[in-house]
Amino acid sequence: TGFAVGSIEGRVGIHYIQKVAGKDSFAFKCHRKDNQVFPVNGISFHPYGTFATYGGDGVVSFWDKDHKQRLKGFPSINRTISCANFNAQGNMFAYASSYDWGKGSSYYSQGMPNEIYIHHVLDEEVKPKGKKSGSRK
């Protein structure tokens, strides 16, 4: 068992509370474009144990923590994604864009609509990829 934590530095940390053979806590960089770093606004877990990150860059990515790889990257919506989650069955993923106040009130644009997106999740987008050669479960 463990938890995931995102940061304003565009990183995600996976931390295990109990030691499990072959699994160590680790962190990785994400939500970056060129030299820009964007905050990770949230992490949502899928019933398979894979997860999604979403952030200030307007990008959603699905990840396989056990094999340390990205499963799917969505194109940027060019707006901050402030919240998201899978439904209980894991076949739908909803996310919302709105201003997250990360840059303060001077960047807020009144009249910019909040939007909700719904993505039908395919199994191959979130299913763990399987054992990599040389790795242990």
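Which side chains meet in a salt bridge with 3.2 Å from N to O, Glu 115 and which partner? I looked this up first, in a predicted model where local features need pLDDT of at least 70, side-chain atom pairs count only at pLDDT 80 or more, and totals for chains, interfaces and linings use all residues. Residues are numbered from 1 along each chain as its sequence is written, and side-chain values use heavy atoms, with hydrogens and water left out.

**Entry: salt bridges**

I found that the partner of Glu 115 is Arg 79, at 3.2 Å from N to O. I took a salt bridge to be a side-chain nitrogen of Lys or Arg within 4 Å of a carboxyl oxygen of Asp or Glu. Glu 115 belongs to strand β12 and Arg 79 to the loop between β9 and β10, so the contact ties together parts that are 36 residues apart in sequence. Strands (E, at least two residues) and helices (H or I, at least four) are DSSP runs, numbered from the N terminus.

I then noted accessibility, with buried meaning under 20% relative accessible area, exposed over 50%, and partly exposed in between (1.4 Å probe, protein chains only). Arg 79 is buried, with a relative accessible area of 15%, whereas Glu 115 is partly exposed at 31%.

The structure holds four salt bridges. I looked up another of them, in which the side chains of Glu 125 and Lys 72 meet at 3.6 Å, N to O. Here Glu 125 lies in helix α1 (residues 123-126) and Lys 72 in strand β9 (residues 69-73), so this pair ties together parts that are 53 residues apart in sequence. Glu 125 is buried, with 10% relative accessible area, and Lys 72 counts as partly exposed at 23%.

I also checked Asp 66, which forms a salt bridge with Lys 65; their closest N and O atoms are 3.2 Å apart. Lys 65 is buried at 18% relative accessible area, while Asp 66 is partly exposed at 38%. Salt bridges that share partners join Lys 23, Lys 65 and Asp 66 into one network.

**Entry: nonpolar core**

Which residues have the most contacts inside the largest nonpolar core? I read off Val 60, Phe 62, Ile 81, Phe 86, Phe 93 and Tyr 95, in a core of 14 residues. Such a core is a set of buried Ala, Val, Leu, Ile, Met, Phe, Trp, Tyr and Cys residues joined through side-chain atoms within 4.5 Å. The elements that give two or more residues to this core are β7 (51-55), β8 (60-64), β10 (81-86) and β11. I noted that β10 provides the largest share, three residues.

**Entry: the sheet of β1, β2 and β3**

I traced an open sheet of three strands in the order β1-β2-β3, with antiparallel pairing. Strands pair if DSSP finds at least two bridges between them. β1 (2-6) and β3 are the edge strands, and each pairs on one side only. Neighbouring strands of this sheet are turned by 15° against each other on average, direction ignored. For such angles, axes are lines fitted to C-alpha atoms, for helices over the stretch in contact, and angles run from 0 to 180 degrees between N-to-C directions.

I counted the links between β2 and β3: four bridges join these antiparallel strands. Val 12 stands opposite Phe 28 in β3.

**Entry: nonpolar surface**

I found a nonpolar surface patch formed by Phe 3, Val 5 and Ile 17, with about 290 Å² of accessible area together. Patches are made of residues with over 30% relative accessible area and no salt bridge, with like charges joined within 9 Å and nonpolar side chains (Val, Leu, Ile, Met, Phe, Trp, Tyr) within 5 Å. Accessible areas come from the Shrake-Rupley method with a 1.4 Å probe; for residues, only the protein chains shown count as cover. Ile 17 sits in the loop between β2 (11-16) and β3 (26-29), and counts as exposed at 61% relative accessibility.

**Entry: loop residues**

Is Tyr 107 buried or exposed? I have Tyr 107 as exposed, at 55% relative accessibility, in the loop between β11 (92-97) and β12 (115-120).

Asp 34 is not a glycine, yet has a positive phi of about 55°. Asp 34 is in the loop between β4 (32-33) and β5 (36-37) and is exposed at 74% relative accessibility. Asn 78, also not a glycine, has a positive phi of about 60°. Asn 78 is in the loop between β9 and β10 and is exposed at 69%.
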